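Visitor: I am new to this structure. Could you walk me through it?
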Amino acid sequence: MLKIHWFLPTGGDARDVLPTAPNANPRAPDLAYLAQVAQACDRLGYDAMLTPCGTGCEDAWLATASLIPLTRRIKFLVAFRPALLTPTLAAQMASTYQRLSGGRLLVNIVTGAEPAELARFGIHDDKETRYEQTGEFLEIVRGAWSGEPFSFTGRHYEVTDATTREPPDPVPEVYFGGASPAAEQVAADHVDVYLAWGEPPDMVAERVERMRKLAAAAGRDLRFGIRFHVIARPTAAEAWAVADRLLEGMDPDAIEAAQRDFAATQSVGQRRMAELHGGDPERLTVHPNVWAGIGLVRGGVGTALVGSYEEVADRIVEYQGLGFDEFILSGYPHLEEAYWFGEGVMPRLRQRGLLPDVESGSAPVFSFR
Ligand SMILES: Cc1cc2nc3c(=O)[nH]c(=O)nc-3n(C[C@H](O)[C@H](O)[C@H](O)COP(=O)(O)O)c2cc1C
């Protein structure tokens, strides 16, 4: 079975990639709007809401915790940076979250790559050191969740008898993204789900292969998830018209400014995203139904699955064939695109036996004359 997740836009939302575009109609990430997106996803049958971390967004723990009583079944994939919490406190927060939410927490471990962003939070170690710290952090968090007091002495932490009031139930699954060699080793040694940004199949297949070998050498198994935006419509022409409209909203100065940022990035994953198009609006279709246009101006994932419902379902099956069982999707605006995909593509994946049935099902609707 596949797992399909959606993105919670805690940095705000709009009809365009750039909230400054003329027809963007930006939306603040207030509780009422985040609840609308989360409730739509809850109803449509998405598995979890990926919630980012960083200066530009609301805190992921607090924002998602406030949505627990407003949703029924959807999980929250909460991103956070290990360097900002002690591992025992992180274990305690996750354990509490599991009890308060009825087991709806997943965690996304973000080591981070951009020095200016990290410096705002007082993090100054180089990337190798930070990944080493992430590895020790995860070992302690898992120890503290084990139900037995856990002690550890490493280069970054020394803890004695770490534990939580009760072990979390279930133990939250640990997701993780990072494309540098140090990131890959930490993933192989410690995480449950390795995440990649949406690269064309040949680029990403090579990584899956290498990660499987690294994990096997550590005596472990990994699952794989991939992050894309999505524009799915009844016909391909309708979907590409939306992509064209998003492109029109991108002012050339903004494209140029983003390329300057990407050229200076210390993130291997970000560099791979930027190299897909090199800032050239003529080089955006990087694989059938895979469009790199969003990455002209947006950091992080820059690719979208674009096409008819059938085509997008086919592409998902193609990536599943490469080893990806989890898809984390988003679109502009997040509320409307969650419906286009949820009502257009998810039923096709269900018909193919790739997604479980959704509980609510269809309801009779009366129209009154
Ligand atoms: C699906 C996915 C989601 C991510 N979410 C965040 C995030 O919310 N905040 C952030 O600062 N970095 C995020 N990242 C970046 C990575 O976690 C990682 O810290 C960064 O790419 C490190 O660079 P590397 O690729 O050179 O290892 C994400 C990466 C992926 C693949």
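Guide: Let's begin with a term: a residue is buried if 20 or more other C-beta atoms, placed from the backbone, lie within 10 Å of its own, exposed if 12 or fewer, and partly exposed in between. This is a predicted model, where local features need pLDDT of at least 70, side-chain atom pairs count only at pLDDT 80 or more, and totals for chains, interfaces and linings use all residues. Residues are numbered from 1 along each chain as its sequence is written.

Visitor: Is aspartate 161 buried or exposed?
Guide: Aspartate 161 sits in strand 6; strands are DSSP runs of E, at least two residues, and helices are runs of H or I, at least four, numbered from the N terminus. Its phi is positive, about 60°, although aspartate 161 is not a glycine. Because aspartate 161 has 11 C-beta neighbours inside 10 Å, it counts as exposed.

Visitor: And asparagine 289, buried or exposed?
Guide: Asparagine 289 also has a positive phi, near 65°, without being a glycine. Its place is the loop between strand 10 (285-287) and strand 11 (290-291). Since 22 C-beta neighbours lie inside 10 Å, asparagine 289 counts as buried.

Visitor: Which element gives the largest share of the shell around the ligand?
Guide: The ligand is surrounded by 21 residues, where a residue is near if its C-beta atom, placed from the backbone, lies within 6 Å. Strand 8 (193-197) and helix 10 (268-275) are the elements that give two or more residues. The largest share, three residues, comes from strand 8.
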